Amino acid sequence: MKKSIVIGATSGIGKALAEILISKGYMVGIVGRRSVLLEELYTKYPERIVYQTLDVSNTESVPLNLEHLVAKLGGLDLFINAAGVGFENENLDFEPEKITIDTNVLGFTAVIGWAFHFLCKQNHGQLCNISSIACLRGYSDAPAYFGSKSYQASYLESLRKRAYIQKSKITITDIRPGFVATNLALGDGIFWMATIDKASKQIYNAIKRKSKIAYVTKRWYIIAFLLKVTPTFIYDRFR
């Protein structure tokens with residue numbers, strides 16, 4: 001039986017992915033800040049889930065907690081980080097920016113770095129991060145969120161190059177969703193909003209294909225292309 005860890009499995013995409021993996025025969029270790037929600041999911045699948053309460057922004061506690069979880073799982077084939085926060089911050093107040101950085105940059109680095117070392121040491125497995133199309137350009141009302149996603153995309157690309165140089169047989173997958181109906185969908189009048197169910201199924205398929213980079217839903221490949229080719233002097237006119 002394959003073993004997976006899902007960080008941020010208490011709600012949204014993380015929870016949906018955990019349930020998809022269970023349906024596909026995985027033993028799943030779920031991780032999140034809210035113990036009650038982890039226990040609810042465990043109660044639903046007691047034979048297929050182990051869980052660990054962890055706030056990834058508490059970076060010092062990450063290694064020991066993840067090592068403990070892998071021991072309970074009995075191994076690790078697939079590591080998914082779906083933890084993240086984001087805020088619109090028109091006034092550029094410091095506190096929302098700090099909260100975002102603590103989770104999306106420091107917490108991300110702690111869990112992804114741990115997973116990379118673990119998978120490289122055993123020389124097999126897949127590391128997947130749920131990032132965002134926000135990694136491609138900036139947005140005036142949410143600088144920390146968009147900046148943190150750019151950091152994640154660049155960090156994963158760097159690890160992919162590192163794995164190649166080390167001749168490590170691991171796969172690194174960067175999932176970049178567009179708008180999904182979660183509490184991270186920033187802004188009003190959002191278009192092309194995907195349901196969690198639809199987005200999660202496409203994410204699972206991208207993981208199964210061992211994609212390096214995948215946009216979800218697939219129509220966001222169009223937006224990604226347009227964002228990449230839009231000149232700065234034009235893009236600067238928009239928020």
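Visitor: What is Phe79 in contact with, once its neighbours within four places in sequence are left aside?
Guide: In this predicted model, and leaving aside neighbours within four places in sequence, Phe79 is in contact with Ile5, Ile7, Leu66, Val111, Ile112, Trp114, Ala115, Gln126, Leu127 and Cys128.

Visitor: And which residues of the largest nonpolar core touch the most other members?
Guide: That core has 29 residues, and those touching the most other members are Ile5, Ile7, Leu66, Phe79, Ile112, Phe116 and Leu127. At least two core residues come from each of strand E1 (3–7), strand E2 (27–32), helix H3 (62–73), helix H4 (94–122), helix H5 (143–165) and strand E6 (170–177).

Visitor: Which element gives the most to this core?
Guide: H4 does, with 8 residues. There is also a second, separate core of 28 residues, and among its members are Ile20, Tyr26, Cys128 and Tyr204.

Visitor: Is Lys44 buried or exposed?
Guide: Lys44 counts as exposed, because its relative accessibility is 55%.

Visitor: Which side chain does Arg176 meet in a salt bridge?
Guide: The side chain of Arg176 meets that of Asp174, at 2.9 Å from N to O, and both Arg176 and Asp174 are buried. A further salt bridge links Lys201 with Asp197, where the closest N and O atoms are 3.3 Å apart; these two residues both lie in helix H6, 4 residues apart, which is about one turn of the helix.

Visitor: How accessible are Lys201 and Asp197?
Guide: Lys201 has 45% relative accessibility and so counts as partly exposed, and Asp197 is likewise partly exposed, with a relative accessible area of 46%.

Visitor: Where does Thr173 sit, and what is it in contact with?
Guide: Thr173 is found in strand E6, and it counts as buried because its relative accessibility is 0%. Leaving aside its neighbours within four places in sequence, Thr173 is in contact with Gln126, Leu127, Cys128, Asn129, Leu156, Lys210, Ser211 and Lys212.

Visitor: What about Lys212, then: where is that residue found?
Guide: Lys212 is found in the loop between H6 and E7, and it is exposed, with a relative accessible area of 58%. Again leaving aside neighbours within four places in sequence, Lys212 is in contact with Arg160, Ile172, Thr173 and Asp174.

Visitor: How far apart are Lys212 and Leu136?
Guide: From C-alpha to C-alpha, Lys212 and Leu136 are 16 Å apart in space, and they are 76 residues apart in sequence.

Visitor: Backbone now. Which residues does a cis peptide bond join?
Guide: A cis peptide bond joins Val216 and Thr217, with omega at about -5°. Thr217 has its place in the loop between strand E7 (213–216) and helix H7 (220–229).

Visitor: What is phi at Leu92, and at Asn123?
Guide: Leu92 has a positive phi of about 55° although it is not a glycine, and Asn123, also not a glycine, has a positive phi of about 65°. Leu92 lies in the loop between strand E4 (78–81) and H4, whereas Asn123 lies in the loop between H4 and E5.

Visitor: And how accessible are Leu92 and Asn123?
Guide: Leu92 is exposed, with a relative accessible area of 54%, while Asn123 counts as partly exposed at 30% relative accessibility.

Methods:
Residues are numbered from 1 along each chain as its sequence is written. This is a predicted model: local features need pLDDT of at least 70, side-chain atom pairs count only at pLDDT 80 or more; totals for chains, interfaces and linings use all residues. Side-chain values use heavy atoms; hydrogens and water are left out. A nonpolar core is a set of buried Ala, Val, Leu, Ile, Met, Phe, Trp, Tyr and Cys residues joined through side-chain atoms within 4.5 Å. Buried means under 20% relative accessible area, exposed over 50%, partly exposed in between (1.4 Å probe, protein chains only). Contact means heavy atoms within 4.5 Å. A salt bridge is a side-chain nitrogen of Lys or Arg within 4 Å of a carboxyl oxygen of Asp or Glu.
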